[in-house]
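Subject: Structure handover

Hello,

Here is the structure I said I would pass on. Please open it first, then read my notes below.

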Amino acid sequence: MIRYIVFLVFVALMNSDVMSQESCVSSQYNLYQRQISPQLVARQNAITEFLKPSDREITMMGAQDNPTEQTLINIPVVVHVLYNGSAQNISEAQILSQIDILNRDFRRKNADSSNTPTHFRSLAADCNISFKLATVNPQGFPTTGIIRKATNVTGFSMNDDIKFSSSGGDEAWDSDMYLNIWVGPMSAG
């Protein structure tokens, strides 16, 4: 189930203000991945269909005593900071501020939610998803949820090298249990 949630988070990030900075290549990366992996498009479509509520579920949701009372889904996050020079080793405050923005966006508590375009207002909602830095690593030991690693790579491309130690990056933690976010130097294209 967390893979589906992580996928939705990833798709939402692609389209959110959090990831729309010019220096972020998330949208390009998603397009690249869709081009090299035709199965990805099919998986994304299947997940979208799976997550659509059926008519029966909509009726049941409307019949609840308190439909706004939902379980908050907490997703542990690990941020892999890869840096080539101290200026790229971003601060914990920067990481926490971005997670705060992500939480406000997913909980629909961002200051500009009133600017939602009219045609999207009926779809806008609190997703009841909360992101927090992981406090326990996959081996069960305490962690800050931030992995810092110096790299000799001056610019990663969209080929996923950033996700593997053998190519100067850092391995993902179990994606069934954590949302992995990589921050590192990117090369153009």
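Start with the core. The largest nonpolar core has 15 residues, and V77, V79, V81, I95, I99, F131 and L133 touch the most other members. A nonpolar core here is a set of buried Ala, Val, Leu, Ile, Met, Phe, Trp, Tyr and Cys residues joined through side-chain atoms within 4.5 Å. Buried means under 20% relative accessible area, exposed means over 50%, and partly exposed lies in between (1.4 Å probe, protein chains only). Two or more core residues come from each of β1 (73–83), α5 (92–106) and β2 (129–133). β1 gives the most, with five residues. In soluble globular proteins, nonpolar side chains tend to be buried together.

Beyond its neighbours within four places in sequence, V81 is in contact with Q88, N89, I90, I95, I146, I147, R148, K149 and V183. Contact means heavy atoms within 4.5 Å.

A word on the source. This is a predicted model, in which local features need pLDDT of at least 70 and side-chain atom pairs count only at pLDDT 80 or more, while totals for chains, interfaces and linings use all residues. Residues are numbered from 1 along each chain as its sequence is written, and side-chain values use heavy atoms, with hydrogens and water left out.

Now the confidence. pLDDT is the predictor's confidence in each residue, from 0 to 100. The chain averages 80, and 74% of the residues score at least 70.

The overall layout is next. The chain has six helices and four strands. From the N terminus on, the order is α-α-α-α-β-α-α-β-β-β. Helices (H or I, at least four residues) and strands (E, at least two) are DSSP runs, numbered from the N terminus. Of the 189 residues, 31% count as buried.

Two aromatic pairs turned up. Rings of Phe, Tyr and Trp (its six-membered ring) pair if their centres lie within 6.5 Å; planes under 30 degrees apart count as stacked, over 60 as edge-to-face and the rest as tilted. F106 and F131 have ring centres 5.1 Å apart and planes at 75 degrees, so this pair is edge-to-face. F106 lies in helix α5 and F131 in strand β2, so the pair ties together parts 25 residues apart in sequence. Both F106 and F131 are buried. W173 and Y178 have centres 4.9 Å apart and planes at 80 degrees, so they are edge-to-face.

There are three salt bridges. The term means a side-chain nitrogen of Lys or Arg within 4 Å of a carboxyl oxygen of Asp or Glu. R104 and D100 meet at 3.1 Å, N to O. They are four residues apart in helix α5, about one helical turn. R107 pairs with D126, with the closest N and O atoms 2.7 Å apart. R107 is buried at 19% relative accessible area, whereas D126 is partly exposed at 30%. D160 and K163 meet at 3.4 Å, N to O.

Finally, C127. This residue lies in the loop between α6 (118–121) and β2. Leaving aside neighbours within four places in sequence, C127 is in contact with F106 and R107.

Best wishes
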